[in-house]
Amino acid sequence: MMKQWWIFMVWLMVVMVHASDDNQHATSSSVIEFNADTFTDAVPKKPHFIMFYAPWCGHCKRLSPTWEDLGKKYNTKEGGLVAVGKVDCTQHSALCSTHDVTGYPTLKLIAKGHDGGVRYRGARDLASLERFIAEQVGSDEESGDEGKVPEAKTGLVEYTEATFKTNAVKGKHFVKFYAPWCGHCQRLAPTWEALAKSFEHDDSVTIGKLDCTQYQSVCSEYEVKGYPTLLWLSDGKKIKKYSGDRSHEDLKRFAESLLGQEEGTEGGDSVGTQPESPTVILTAENFENAIQKGFTLVKFFAPWCGHCKRMAPTYDELGRKFVGHDSVTIGKVDCTQEVNRALCSQQNVNGFPTLYLYKEGEKVSEYEGDRSLQDMAAFVSRHLTHDEL
């Protein structure tokens with residue numbers, strides 16, 4: 001009896017030690033585990049990169065060590081630009097449903113003040129994940145002063161909500177709507193200051209900027225959905241959104257062109273001569289008609305999206321490849337244009353770029369392969385061949 005009691009006590013001690021180790025391991029995770037309440041509280045305060053997962057999911061288990069490494073880099077750093085977290089969809093199904101999670105893992109980067117987030121579809125290695133973060137919100141290597149508003153230079157007006165509402169209602173204004181943590185905004189800052197310097201003595205236009213993290217009501221009023229958003233305003237009215245190259249020369253040419261012509265209509269194309277693209281520009285007005293005949297590959301994009309910019313020349317080559325092919329149309333939709341926002345939402349566009357293939361007006365497939373000319377052309381040709389058979 002004594003021997004059995006002793007064996008039981010030894011077994012109990014072993015179990016307790018293992019339990020203690022498991023608890024230690026659970027609490028030592030560098031990734032923030034969210035529930036519905038903590039998620040709602042934390043996410044609006046700074047950008048978050050979230051893994052929506054299920055404990056039984058094999059892909060999730062394989063990604064977990066890399067996700068932990070990502071958490072160690074960003075969560076343990078004071079003032080990090082992004083927080084790395086995860087949500088167990090078997091416990092918080094309503095939250096996952098809100099974020100359109102239909103498979104595991106779903107990775108989304110949710111910027112401060114934005115509900116939808118950008119879905120990550122790339123490779124799941126650490127370097128690729130870090131590159132995605134840098135493209136979306138910037139990185140420490142890009143700026144030693146992340147979080148600080150760029151200093152105003154001569155000629156550049158930094159608006160507050162009060163000064164904007166007082167001054168922007170009269171005259172012409174070229175305004176950069178930005179967020180201090182945004183990497184693209186940080187890279188644009190010196191060029192924007194140089195642009196302001198170029199128009200320093202020109203009373204016909206004001207070059208300004210407004211921090212959307214401080215004056216969100218103004219940015220909401222002008223339907224700012226991403227950073228930076230560059231808008232030409234006349235007497236308080238939004239005239240054009242600039243979507244071209246962000247060099248000093250192109251920005252200056254855009255401003256000079258707008259000053260030299262009558263006010264355009266809201267949502268028009270950016271001014272400036274650009275080579276004609278072989279891809280068809282689709283909008284909400286012509287979309288349904290355009291996809292009715294044959295096969296139509298559509299790229300849903302945003303001009304500020306880094307992946308979209310890198311893909312653009314290859315996508316134009318794809319358009320050239322199928323020029324003259326009666327059964328194939330290669331098109332694109334700018335989801336940042338006001339006229340197209342409802343269309344992109346209806347087509348379930350959750351990140352940029354998104355490529356859908358349509359046949360006779362019906363969506364038949366999403367392209368998720370490599371963004372090389374060869375692979376995209378093969379994807380279209382495969383569907384053509386299958387249709388002919």
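1. Aromatic pairs. The count of aromatic pairs in this predicted model comes to 22; rings of Phe, Tyr and Trp (for Trp, its six-membered ring) pair if their centres lie within 6.5 Å, and planes under 30 degrees apart count as stacked, over 60 as edge-to-face and the rest as tilted. One of these pairs is F174 with F254, which is tilted, at 5.1 Å centre to centre and 40° between the planes. F174 belongs to strand 7 (residues 172-178) and F254 to helix 9 (residues 248-259), so the pair ties together parts that are 80 residues apart in sequence. Helices (H or I, at least four residues) and strands (E, at least two) are DSSP runs, numbered from the N terminus.

2. Burial of this pair. Are F174 and F254 buried or exposed? F174 counts as buried at 0% relative accessibility, and F254 is buried with a relative accessible area of 0%. Buried means under 20% relative accessible area, exposed over 50% and partly exposed in between (1.4 Å probe, protein chains only). Both rings belong to one aromatic cluster formed by F174, W192, W232, Y242 and F254.

3. Basis of the model. Residues are numbered from 1 along each chain as its sequence is written, and side-chain values use heavy atoms, with hydrogens and water left out. The model is predicted, and local features need pLDDT of at least 70, side-chain atom pairs count only at pLDDT 80 or more, and totals for chains, interfaces and linings use all residues.

4. The chain as a whole. The protein chain has 13 helices and 15 strands. Of its 389 residues, 45% count as buried. Among contacts (heavy atoms within 4.5 Å) with a separation of 6 or more, residues 24 or more positions apart account for 72%.

5. Partners of strand 9. Strand 7 and strand 9 pair in the antiparallel sense over six bridges; two strands pair if DSSP finds at least two bridges between them. K172 has S234 of strand 9 as its bridge partner. Strand 9 is also joined by four bridges to strand 10 (residues 237-241), and these two run antiparallel. The bridge partner of L233 in strand 10 is K238. The hairpin of strands 9 and 10 has two residues between the strands, and D235 there takes a positive phi near 50°, although D235 is not a glycine.

6. T229. This residue is found in strand 9 (residues 229-234) and is buried, with a relative accessible area of 4%. Leaving aside neighbours within four places in sequence, T229 is in contact with V175, K176, F177, V224 and K241. A polar atom of the T229 side chain lies 2.6 Å from the backbone oxygen of G226. The peptide bond from Y227 to P228 is cis, with omega near -10°, and P228 lies in the loop between helix 8 (216-221) and strand 9.

7. In what order do the five strands of the open sheet stand? The order is 11-13-12-14-15, and the pairing is mixed. Strand 11 (280-281) and strand 15 (362-367) stand at the edges with a single partner strand each, so one side of each is left without a neighbour in the sheet. Strand 14 (residues 354-359) pairs with strand 15 in the antiparallel sense over five bridges, and K359 has E362 of strand 15 as its bridge partner. E360, in the loop between strand 14 and strand 15, has a positive phi of about 50° although it is not a glycine. E360 counts as partly exposed, at 45% relative accessibility.

8. A cis peptide bond joins F352 and P353, with omega about -15°. P353 is found in the loop between helix 12 and strand 14. F352 is partly exposed, with a relative accessible area of 22%.

Terms used:
A polar contact is a pair of N or O atoms within 3.5 Å; within protein, one must be able to donate a hydrogen and the other to accept it, and residues adjacent in sequence count only if both atoms are side-chain atoms.
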